[in-house]
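Hi,

Here is the structure I said I'd pass along. Have a look at it first, and then read on for my notes.

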Amino acid sequence: MDDVDRPGFETSSITDSDLEAGPSLERIESVFAVYERQVEGETLVYYGDPLVQPEQILRELWPVFREDGYDLEVGTRHGEYVLVAEPTSVGIDGIPWTNILLLGLTVVSTLFAGSMWYYIDPFSNPEEIWRAWPFTVAILGVLGVHEMGHYVMSRYHQVDASLPYFIPIPTLIGTMGAVIKMKGHMPNRKALFDIGVAGPLAGLAATVVVTVVGLHLPPVTAPETIVQNAEAQIQLGYPPLLEMLASAFDQPLYRDDPATAVNPVVIGGWVGMFVTFLNLIPVGQLDGGHILRAMAGNTQETIAALVPGALFGLAAYLYYVAGYGINSVLIWGIWGLFTAVLASVGPARPIEDESLDWGRFVLGIVTFGLGMLCFMQVPIVVIQ
């Protein structure tokens, strides 16, 4: 086929001597007949004719390009099939200023939120919010360890991942959590499982430590003026794991005096448990979606399709049958919508889709079991 001129790119005939980067043509042309190659910065673009189905091209050639340090996509440009190979970079490239800035803002937002758990008015006494530092350490600790579990296993499996991005936002805990970004394809089910399971297990270990420490710290008591002037009272539901830890260490969670509450560090443990449960919901790109996709293959999508209905049903039961207020059950309606979107997008799809070994399969079942110990029907109750 004749070369086709395209604006902005130089075209040339292809010989192996011209290929200074990327695998040799002999390794490509068994499944993709190349008739033109372009270099766009560090990206390699191959135009050609597929000799097999596109899915098989990716399965056959992705490991070949990965050996040479590239991630591969199969697509079309200008109506022609192309292979697009972008260089991979596993690790930190320069100073992660965005991550540092978001971490700093999250420290401030969690100090602000934590001060209210210590009954410090952050508006009239802003210089006192530093006293909420144990709460901030607890929150950032459980969230940071969770995300670093993903990051470490991503590095182990040579999957490009960013450092955690913390999300500062004015909520009861001062943050919406943390995330990492992963680029490129997942090599196999083992990598998908290991990366997915590492976050919840690492985060849960940190959560247990934070909770035990918090249970042994003194409770906090609200000043009488706050109790008298409060228009609403917020109560947290406790998951089974938190109650089990309190019982094991003989530390009370419930007190007769409504003005006395557990130490705010325990709230950090509560956050870790709630985050663990939410992340283990088996849909889309959530940790539970990764784990179940690695364990069950394409059956995961069938299971994920049932999750939004289950969450909507839980919200309806709590509102219409159990009699909880809308503020207490709204969270499950929101997560019903969120999981519906995630389920429609679908899970990550590994290149090599072979069955998982039994050791990992059992670990997956145990992980989901631990997640259920972090479940609470009503996480937050607002009493007017």
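Below is what turned up, grouped by region. One thing to keep in mind throughout: this is a predicted model.

Let's start with the salt bridges. Searching the whole structure gives nine of them. One joins the side chains of D160 and K183, with N and O 3.8 Å apart. These two come from distant parts of the chain, 23 residues apart: D160 is in the loop between α4 and β5, and K183 is in the loop between β6 and α5.

With 52% relative accessibility, K181 counts as exposed. Beyond its sequence neighbours within four places, K181 is in contact with D160, A161, S162 and Y165. A161 is 20 residues from K181 in sequence, yet their C-alpha atoms are 5.5 Å apart.

Another salt bridge pairs D353 with R293, whose closest N and O atoms are 2.9 Å apart. This one also links distant parts of the chain, 60 residues apart, with D353 in the loop between α11 and α12 and R293 in helix α9. R293 is buried, at 2% relative accessible area, whereas D353 is partly exposed at 35%.

R360 and D357 make a salt bridge as well, at 2.8 Å between the closest N and O atoms. Both are partly exposed, R360 at 22% and D357 at 28%. Shared partners also tie R189, R293 and D353 into one salt-bridge network.

Now for some helix packing. Helices α8 (residues 264–279) and α11 (residues 326–345) pack at about 35°, and their axes are 13 Å apart. Their crossing is right-handed. On the α8 side the residues are F274, F277 and L278, and they meet I331, W332 and W335 of α11. By class, this contact has six nonpolar residues and no polar or charged ones.

Is S109 buried or exposed? Its relative accessibility is 15%, so S109 counts as buried. The S109 side chain reaches the backbone oxygen of G174 at 2.5 Å. Apart from neighbours within four places in sequence, S109 is in contact with P168, I169 and G174.

Cheers

Methods:
Residues numbered from 1 in each chain as written. Predicted model: local features only at pLDDT ≥ 70, side-chain atom pairs only at ≥ 80, totals over all residues. Heavy atoms only, no water. Buried < 20%, exposed > 50% of the residue type's maximum accessible area, 1.4 Å probe, protein only. Polar contact = N/O pair within 3.5 Å; in protein donor to acceptor, adjacent residues only side chain to side chain. Contact = heavy atoms within 4.5 Å. Axes fitted to C-alpha atoms, helices over the stretch in contact; angles between N-to-C directions. Helix = DSSP H or I, 4+ residues; strand = E, 2+ residues; numbered from the N terminus. Left-handed = near helix turned anticlockwise from the far one by under 90°. Nonpolar A, V, L, I, M, F, W, Y, C, P; charged D, E, K, R; others polar. Salt bridge = Lys/Arg side-chain N within 4 Å of Asp/Glu carboxyl O.
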